Amino acid sequence: MQLRWGIIGTGRICQDFCLALLTCDSKEHSIVAVGSRSKSQAEDFGREFQLDPQVQIYGSQDEVFQDANVDIVYIGTIEQVHRDLCIKALNHQKHVLCEKPLAMNTSEIEEIIAVAKKTKNFIMEGIWSRFFPIYNYLRDAVQRIGKVTFVECTFSVRNLNSVGIWSTLMAIGCYPIQAALIAFNHEEPESIRAVGHTKEHENQLSDRMVSIILLYKDNRMAVLTCLGEDIESVSSLKIYGTEGVVSIPSHFWSPTQIILPNGQIIEDPLPETMKKTNFEHSAGLRYEAMACREQILNENTEHPLMTLENSLQISRIIEECRRQILDSHR
């Protein structure tokens with residue numbers, strides 16, 4: 001079965017998702033529609049990525065939802081409209097892959113879940129990390145290092161705050177949090193503690209540099225850091241167990257290498273894209289697309305590696321961290 005994609009948005013992440021889809025087997029994935037608030041931008045998108053002339057180009061997002069040839073939509077717009085677009089897509093009986101964050105808060109995610117349960121369509125938040133082949137090795141290694149006691153993870157995106165990102169936690173916080181949750185099998189932490197620096201964004205207080213501590217019973221914890229400053233930093237993940245350590249030394253959110261507990265280094269390179277992507281390792285977006293197709297073929301409405309409850313848990317942690325940081329600076 002060929003999964004027919006409609007692309008909602010024409011920004012940088014949509015461009016990269018398109019490039020990643022084009023590395024997939026064309027018998028399994030095809031782009032059949034692109035929708036933007038500006039039809040000229042959608043037309044430019046089609047030309048830039050040499051899409052088939054039969055691809056429908058729309059000057060609105062609603063037209064993509066109404067297109068009977070679209071099986072699934074990829075939503076890559078600003079997060080402020082993710083909830084509304086997800087709900088519209090589901091109500092038009094489209095499957096949905098929505099770029100992270102799935103919505104602005106847990107309440108909005110719950111609204112999406114309520115609609116998804118009624119329509120019985122597949123929907124997933126695009127936490128792409130979980131579908132990289134290296135994460136299969138990670139999940140397996142976590143099972144072989146005894147009792148996981150400590151996780152340390154740093155995610156640094158250079159100059160993130162200088163390009164107008166409104167919240168560092170909303171932009172990248174999901175990545176170290178989801179890694180820690182894999183290590184602790186999505187157990188709820190006993191307590192969440194967050195400290196950090198803030199900034200003014202459009203006359204509102206927001207977070208810019210954050211450290212999170214997730215405390216678990218039986219003397220277990222995770223220490224997670226999110227940075228968007230003009231500094232050199234390696235974005236890495238280390239998971240310590242009573243019987244070994246597994247680590248992703250760089251690009252833990254989109255990894256091509258892992259060091260197993262026995263010291264073995266596993267590498268899994270990414271395919272080449274037709275042109276350079278906007279973001280590092282974006283060819284790996286192909287893996288979440290492939291994961292969606294697998295579940296849709298099996299008539300599942302969620303993916304077991306990234307469920308809607310997983311999205312809620314990540315959102316709850318981010319909300320609590322933001323609350324603590326902002327309250328401490330008011």
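In the class counts below, Ala, Val, Leu, Ile, Met, Phe, Trp, Tyr, Cys and Pro are nonpolar, Asp, Glu, Lys and Arg are charged, and the others, Gly among them, are polar. The model is predicted. Its largest pocket holds about 1600 Å³ of space. Its largest cavity has a volume of about 120 Å³.

**Largest pocket**
- The lining comprises 47 residues, and Arg 12, Ile 13, Lys 100, Ile 165 and Phe 279 are the closest to the centre.
- By class, 21 lining residues are nonpolar, 18 are polar and eight are charged.
- α1 (12-21), β7 (148-156) and α7 (168-172) each supply at least two lining residues.
- α7 gives the most, with three residues.
- The largest pocket lies between domain 1 (3-127) and domain 2 (133-267 + 306-328), because both give residues to its lining.

**Largest cavity**
- The structure has one cavity of 30 Å³ or more.
- The largest cavity is lined by 15 residues, with Pro 101, Ala 103, Met 170, Ser 315 and Ile 318 nearest its centre.
- Its lining has ten nonpolar, three polar and two charged residues.
- α7 and α10 (308-328) each supply at least two residues of this lining.
- α10 provides the largest share, five residues.
- Domain 1 (3-127) and domain 2 (133-267 + 306-328) both contribute to the lining, so the largest cavity lies between them.

**Annotated region**
- An unreviewed UniProt entry places the feature "domain: GFO/IDH/MocA-like oxidoreductase" at residues 143-246.
- Over residues 143-246 the chain is 14% helix and 48% strand.
- The end C-alpha atoms of residues 143-246 are 11 Å apart.

Terms used
Residues are numbered from 1 along each chain as its sequence is written. This is a predicted model: local features need pLDDT of at least 70, side-chain atom pairs count only at pLDDT 80 or more; totals for chains, interfaces and linings use all residues. Side-chain values use heavy atoms; hydrogens and water are left out. On a 1 Å grid over the protein atoms alone, a cavity is a set of points where a 1.4 Å probe fits but cannot get out, and a pocket is an open set with protein on both sides within 12 Å along at least five of seven lines; lining residues have an atom within 4 Å of a point. Grid points are joined across faces, edges and corners, and a volume is the space filled by probe spheres set on the points. Helices (H or I, at least four residues) and strands (E, at least two) are DSSP runs, numbered from the N terminus. Domain bounds come from an automatic or database domain assignment. UniProt positions are given in the numbering used here, feature names are shortened, and annotations may be inferred rather than shown by experiment.
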